[in-house]
Amino acid sequence: MLEAKLSEAATLKKLLDSIKELVTDANFECNEEGINLQAMDNSHVALVAVELQRAGFKKFRCDHPMPLGVNIATFTKVLRCAKDDDTCTLKASDQVDVLNLVYESRNTDRIAEYDMKLMDIDSDQLGIPETEYDARVTMSSAEFARVVRDLMQLGESVRIDVSKEGVRFATDGDASNGSVLLKHSDGSAPDDGKTPSVKIEMNQHVSLSFSLKYLVNFSKSMNLTNKVQLMMSNDVPLLVNYEFGQGHIRYYLAPKIGDD
């Protein structure tokens with residue numbers, strides 16, 4: 001038996017909106033510690049990992065581990081029926097073939113209930129190796145979204161350079177090129193989520209190229225939190241990490257090779 005109650009449906013809505021263009025079908029793995037999702041995108045270029053921790057739920061009960069196989073597009077449609085500030089309760093019995101969703105308005109004068117058919121999805125939990133990254137950039141999630149959206153107007157890939165100077169995003173398109181340099185903040189800028197302060201921690205200079213299409217997709221998670229972390233080492237996948245109140249969403253993207 002699973003019963004998991006979130007104080008706001010908006011959290012789940014934003015989470016699904018973040019991944020719906022990357023992932024078609026996926027298992028939400030439920031256990032006593034919370035709910036996790038791991039899935040490759042349809043092209044097997046990017047990996048998304050979501051964790052909703054038990055402590056982030058208003059009420060949480062999971063008697064034994066169970067997968068909830070869902071079609072992400074269908075789940076998104078069902079969640080659209082909830083108001084952002086409704087509580088959202090996920091329920092599933094041990095004979096898991098249906099996920100029951102209950103939305104309650106704040107003043108509880110409206111209770112809506114929906115059932116969604118679950119799918120049997122074969123998927124292996126991929127072991128994500130612990131990596132010591134050479135560079136870690138913490139910045140405004142809105143600024144990251146703006147940079148990658150702007151550069152995607154010019155080219156298909158972006159080179160991310162992390163140095164003592166700051167973090168530089170550069171693209172070379174067929175007809176034009178552009179770059180954005182964000183300098184390391186000295187800590188004097190207010191940390192209000194509006195000022196695009198940038199914190200850089202690095203062991204060595206890192207320079208890698210990535211597909212802008214994927215980075216633009218990842219940047220949709222800005223609706224969950226005002227900060228994003230980019231973690232890089234030469235020749236290993238980029239980690240784009242968003243931490244929010246109930247857990248985190250992490251994206252891993254392999255670098256482009258020979259795209260100088």
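With 260 residues, a compact globule would have a radius of gyration near 18 Å, and the chain agrees at 20 Å. That radius is taken over C-alpha atoms, and the globule rule is 2.2 Å times the number of residues to the power 0.38. This is a predicted model, in which local features need pLDDT of at least 70, side-chain atom pairs count only at pLDDT 80 or more, and totals for chains, interfaces and linings use all residues. Residues are numbered from 1 along each chain as its sequence is written, and side-chain values use heavy atoms, with hydrogens and water left out.

**Overall build**
- The C-alpha trace spans about 55 × 40 × 35 Å along its principal axes.
- The chain has four helices and 18 strands. These are DSSP runs numbered from the N terminus: helices are H or I with at least four residues, strands are E with at least two.

**The two domains**
- The domain assignment gives domain 1 (2-117) and domain 2 (135-253). Such bounds come from an automatic or database assignment.
- The C-alpha centres of domain 1 and domain 2 lie 28 Å apart.
- Their contact (heavy atoms within 4.5 Å) takes 21 residues from domain 1 and 16 residues from domain 2.

**Where the domains meet**
- Domain 1 and domain 2 bury about 1,600 Å² between them, 58% of it on carbon and sulfur atoms. Buried area is the accessible area (1.4 Å probe) that two parts lose on being put together, summed over both.
- Eight residue pairs are in polar contact between the domains, both residues at pLDDT 80 or more. A polar contact is a pair of N or O atoms within 3.5 Å; within protein, one must be able to donate a hydrogen and the other to accept it, and residues adjacent in sequence count only if both atoms are side-chain atoms.
- On the side of domain 1 that touches domain 2, helix H1 (9-19) and strand S4 (46-53) each supply at least two residues.
- S4 gives the largest share of that side, eight residues.

**Salt bridges**
- A salt bridge is a side-chain nitrogen of Lys or Arg within 4 Å of a carboxyl oxygen of Asp or Glu. The count comes to 10.
- Aspartate 85 and arginine 106 form a salt bridge (3.6 Å, N to O). Aspartate 85 lies in the loop between helix H2 (72-79) and strand S7 (87-92), and arginine 106 in the loop between strand S8 (98-104) and strand S9 (111-117), so the pair ties together parts 21 residues apart in sequence.
- Between domain 1 and domain 2 the count is one salt bridge.
- Lysine 220 and glutamate 21 meet through their side chains in a salt bridge (2.8 Å, N to O).
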